[in-house]
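Here's a quick briefing to read alongside the model. Have a look at the structure first, then go through the points by topic.

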Amino acid sequence: MFEEVFEKYNKKIFSLLLSLTKNTEEAEDLTQETFVKCYKKLDRFREESKLYTWLHRIAINCWKNKVRYNNRRGIYKEDSLDAMQDDSVEGDKIKIRNTEDVSAENVLKDLELQRFVKKCIHALPPKYKAPIVLYMEGYSIGEISAIIKRRSGTVKSLIFRAKLKLKEEIIKYLDTTGQNPNATD
Amino acid sequence: MKRKSRDCKKTEKLFEKYFSDELQGSIKAEIEGHISSCDDCRNRALAYNTVERTVESAHLLPQDRYAEKEIPSHLKAKLFANIEAINSQTPPFSLKIFLRPAYIAIATAVILIIPLRIIKKPNKGITKYYDSNNFIADAIAQARSINDTERITAKTSDIIGIAK
């Protein structure tokens with residue numbers, strides 16, 4: 001039973017934890033912790049929620065505990081190189097919307113801003129970070145709602161507020177750097 | 001950043017429609033004109049577009065991307081070794097076993113019965129208090145009287161026998 005669960009969900013859990021931590025070592029530790037907890041409690045799982053949702057909830061709670069532990073001890077984990085490389089790969093997949101503005105300079109600035117957005121997401125408080133990362137990982141609002149045990153409306157509101165915080169950060173960044181990728185000078 | 005003018009507020013409200021190509025004609029031209037002349041709105045538009053694109057594009061990426069994030073083989077080995085270790089351990093003593101319904105029922109019964117016994121303790125047995133010395137003296141006297149009675153009875157029967 002446990003082996004089936006592990007084979008079915010290990011990639012998703014590892015991928016989610018990697019997106020949340022941006023650190024391979026930490027994601028590995030948390031994946032292990034999640035599956036050990038799952039193994040210990042599997043006989044008590046009463047299918048009140050889906051196994052998928054339950055397992056994701058364990059992973060999110062393990063990550064939140066780790067964040068709390070790190071914050072209490074003032075530990076700051078530097079983003080590992082592989083996670084940052086992964087970001088850049090994902091960033092390249094994102095299409096540039098206004099095709100008439102596609103110049104080498106604009107594409108670079110656009111990618112720089114997207115990377116900045118991802119750094120800001122990483123710095124969000126767990127309350128906002130969990131829903132927006134789950135959303136970016138492709139989970140639907142209904143699934144996120146079941147995983148974090150909040151109503152769909154609350155999940156939408158948390159994602160909206162997270163986006164608002166990110167926009168504010170970008171505006172501050174643009175104000176301080178004074179750059180404007182769309183300037184036609 | 002300076003305070004938002006009415007045009008800035010109107011432009012900001014229309015960002016969503018503008019970036020999803022829902023605006024046409026004069027209103028689209030008006031928005032573009034304002035964005036090109038107002039630095040703050042240009043930054044806001046850029047922030048809006050970057051965040052929405054980054055988040056929404058990631059959300060809409062195909063689900064097979066998980067194939068790229070294969071779990072490291074050493075992690076799988078470590079995890080299963082850990083589980084083996086858990087299986088081989090004797091379960092530690094846990095107070096949780098006392099939370100079973102049968103134990104709870106017994107504990108409740110004991111807790112309820114003890115105070116009841118103290119409150120309603122039968123006192124018939126202690127109404128007559130004997131001083132230990134008196135009790136022994138009474139017992140000896142009683143024994144003597146029994147002996148005396150037997151002796152008297154024996155004498156009487158002897159006398160009756162002689163008389164006969």
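Let's start on the surface: B:Ile106, B:Val110, B:Ile114 and B:Ile118 make up a nonpolar patch with about 400 Å² of accessible area together. Keep in mind that this is a predicted model, where local features need pLDDT of at least 70, side-chain atom pairs count only at pLDDT 80 or more, and totals for chains, interfaces and linings use all residues. Residues are numbered from 1 along each chain as its sequence is written, chains are lettered from A and ligands numbered from 1 in the order in which they are written, and side-chain values use heavy atoms, with hydrogens and water left out.

**Surface patch**
- Patch members have over 30% relative accessible area and no salt bridge, with like charges joined within 9 Å and nonpolar side chains (Val, Leu, Ile, Met, Phe, Trp, Tyr) within 5 Å; a salt bridge is a side-chain nitrogen of Lys or Arg within 4 Å of a carboxyl oxygen of Asp or Glu.
- Accessible areas come from the Shrake-Rupley method with a 1.4 Å probe, and for residues only the protein chains shown count as cover.
- B:Ile118 sits in helix α6 (residues 101-119) of chain B; helices are DSSP runs (H or I, at least four residues), numbered from the N terminus.
- At 63% relative accessibility, B:Ile118 is exposed (exposed is over 50%, buried under 20%, partly exposed in between).

**Aromatic rings**
- There are 13 aromatic pairs over all chains, where rings of Phe, Tyr and Trp (its six-membered ring) pair if their centres lie within 6.5 Å; planes under 30 degrees apart are stacked, over 60 edge-to-face and the rest tilted.
- A:Tyr52 and A:Tyr139 have ring centres 6.4 Å apart and planes at 35°, so this pair is tilted.
- That pair links distant parts of the chain, 87 residues apart: A:Tyr52 is in helix α3 (residues 51-72) of chain A, and A:Tyr139 is in the loop between α6 (126-136) and α7 (141-148) of chain A.
- Both A:Tyr52 and A:Tyr139 are buried.
- B:Phe15 and B:Phe19 are also a tilted pair, with centres 6.1 Å apart and planes at 55°.
- B:Phe15 is buried at 2% relative accessible area, and B:Phe19 is buried at 12%.
- A:Phe2, A:Phe6, A:Phe35, A:Tyr39 and B:Phe80 form one aromatic cluster.

**A buried serine**
- A:Ser15, in helix α1 (residues 2-21) of chain A, is buried with a relative accessible area of 1%.

**Cysteines**
- Zero disulfides turn up over all chains (a disulfide is a pair of cysteine sulfur atoms within 2.5 Å).
- B:Cys8 is in no disulfide, and its nearest cysteine sulfur, that of B:Cys41, is 3.6 Å away.
- B:Cys8 is buried, at 6% relative accessible area.

Key
Helices (H or I, at least four residues) and strands (E, at least two) are DSSP runs, numbered from the N terminus. Buried means under 20% relative accessible area, exposed over 50%, partly exposed in between (1.4 Å probe, protein chains only).
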